[in-house]
Amino acid sequence: MTGFVHKTVLLNETVNALVYPEYHAKDSAMCNVLPVANKTGTFVDGTFGRGGHSRALLRHLAADARLIVFDKDPEAIQSANELALEDKRVTVIHDAFSSMQEHLSAMGITNIQGVMLDLGISSPQIDDASRGFSFMKDGPLDMRMDSSRGMTAAQWLHEASVEEIKEVIKNYGEERYAFQIAKTIDRRRQEQPIRTTLELAELISSCVRTREKGQHPATRTFQAIRIFLNEELQELSRSLTSILTLLDTQARMAIISFHSLEDRMVKQFISAASKPGAAYSRLPLRESEMPQATLLDLGKRKPSEKEVEENPRSRSAILRVAQRTGVTR
């Protein structure tokens, strides 16, 4: 294992959301370390990372409870396997969380009592230059969450068309200089391949003249390429419906996002499931004919000022929590 450290974001808020019936995002007490809840049933951590949320959740689970953890990153899986040796309640699955329903079904699990997702990238992945996620350290231009499969960022930038590069940077990075960046990349790759993170970061800096205070010119482009290569938005989209299907009555979903596109997707999904009648409000339907809510929206929470001060990478995090109603789909 590497020595890179990951600071878990919104730790107490996320775990408390899953185990305390009285949780609501507006309740400031839910930021605190609370007494052990001793919950039974099956819970899922879809993004194990280095296990901060899982370890905290295990302290609240009964001896006969189960925690199924997923991750695509081989190093995260190594850490998860070490935890599983320590705690027999843990089952480890090396796969994307979008495969959750498939794996749980194979294990005979049809209902779960809670699921948490911490989307995006972990600190060890950023800090390890060999993973290729950071524009601050020189390393191979990789950016794969699962380094054992798939196309690297260097390969994609070498093969993709200028139009495709522009669209990825524009759509996934919300970068207004997407066209200029794509053209600059194209000019460079005609001379020589772009192989390292600093090569790409310097290219982007040469054509992005202005940027928000405190943000590196390459931030949006690196983020866009990473999201695209790892199919992060598609994976989230595929997962939300299956999570809703898996959640038992009164079970919770707690999802942390760091990117506006991810948060928008989660927000819209919860809104549609908690207020399904909104789409039919102009139709002449009786109340009994209106669709019923399958989720109860328990609100959103952001990191406290203290947490942001201690962990600046948490500043863009948003936790959204929803609870399954008894309505069948």
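These legends walk you through a few close-up views of a predicted model. Local features shown here need pLDDT of at least 70, side-chain atom pairs count only at pLDDT 80 or more, and totals for chains, interfaces and linings use all residues. Residues are numbered from 1 along each chain as its sequence is written, and side-chain values use heavy atoms, with hydrogens and water left out.

**View 1. Residues listed by UniProt, with a look at Gly-52.** Under "binding site", an unreviewed UniProt entry lists Gly-51, Gly-52, His-53, Asp-71, Phe-97, Asp-118 and Gln-125. UniProt positions follow the numbering used here, feature names are shortened, and annotations may be inferred rather than shown by experiment. Gly-52 sits in helix α2 (residues 52-58); helices (H or I, at least four residues) and strands (E, at least two) are DSSP runs, numbered from the N terminus. Leaving aside residues up to four places away in sequence, Gly-52 touches Thr-8 and Leu-11, where contact means heavy atoms within 4.5 Å.

**View 2. Asp-71 in strand β2.** The strand covers residues 66-71. Asp-71 is buried, because its relative accessibility is 13% and buried means under 20% relative accessible area, exposed over 50%, partly exposed in between (1.4 Å probe, protein chains only). Among the residues that Asp-71 touches, not counting those up to four places away in sequence, are Thr-47, Phe-48, Ile-93 and His-94. A polar atom of the Asp-71 side chain lies 3.2 Å from the backbone nitrogen of Phe-48.

**View 3. Helices α7 and α10 crossing.** The axes of α7 (residues 162-173) and α10 (residues 219-229) come within 8 Å and cross at roughly 100°. Axes are lines fitted to C-alpha atoms, for helices over the stretch in contact, and angles run from 0 to 180 degrees between N-to-C directions. From α7, the contact includes Val-168, Ile-169 and Tyr-172, and from α10 it includes Ala-224, Ile-225 and Phe-228.

**View 4. Ser-274 in helix α12.** Helix α12 spans residues 260-274. Ser-274 is buried, with a relative accessible area of 17%. A polar atom of the Ser-274 side chain lies 2.7 Å from the backbone oxygen of Ile-270, and one lies 3.4 Å from the backbone oxygen of Ser-271. Not counting residues up to four places away in sequence, Ser-274 touches Ala-293, Leu-295 and Asp-297.

Technical notes
A polar contact is a pair of N or O atoms within 3.5 Å; within protein, one must be able to donate a hydrogen and the other to accept it, and residues adjacent in sequence count only if both atoms are side-chain atoms.
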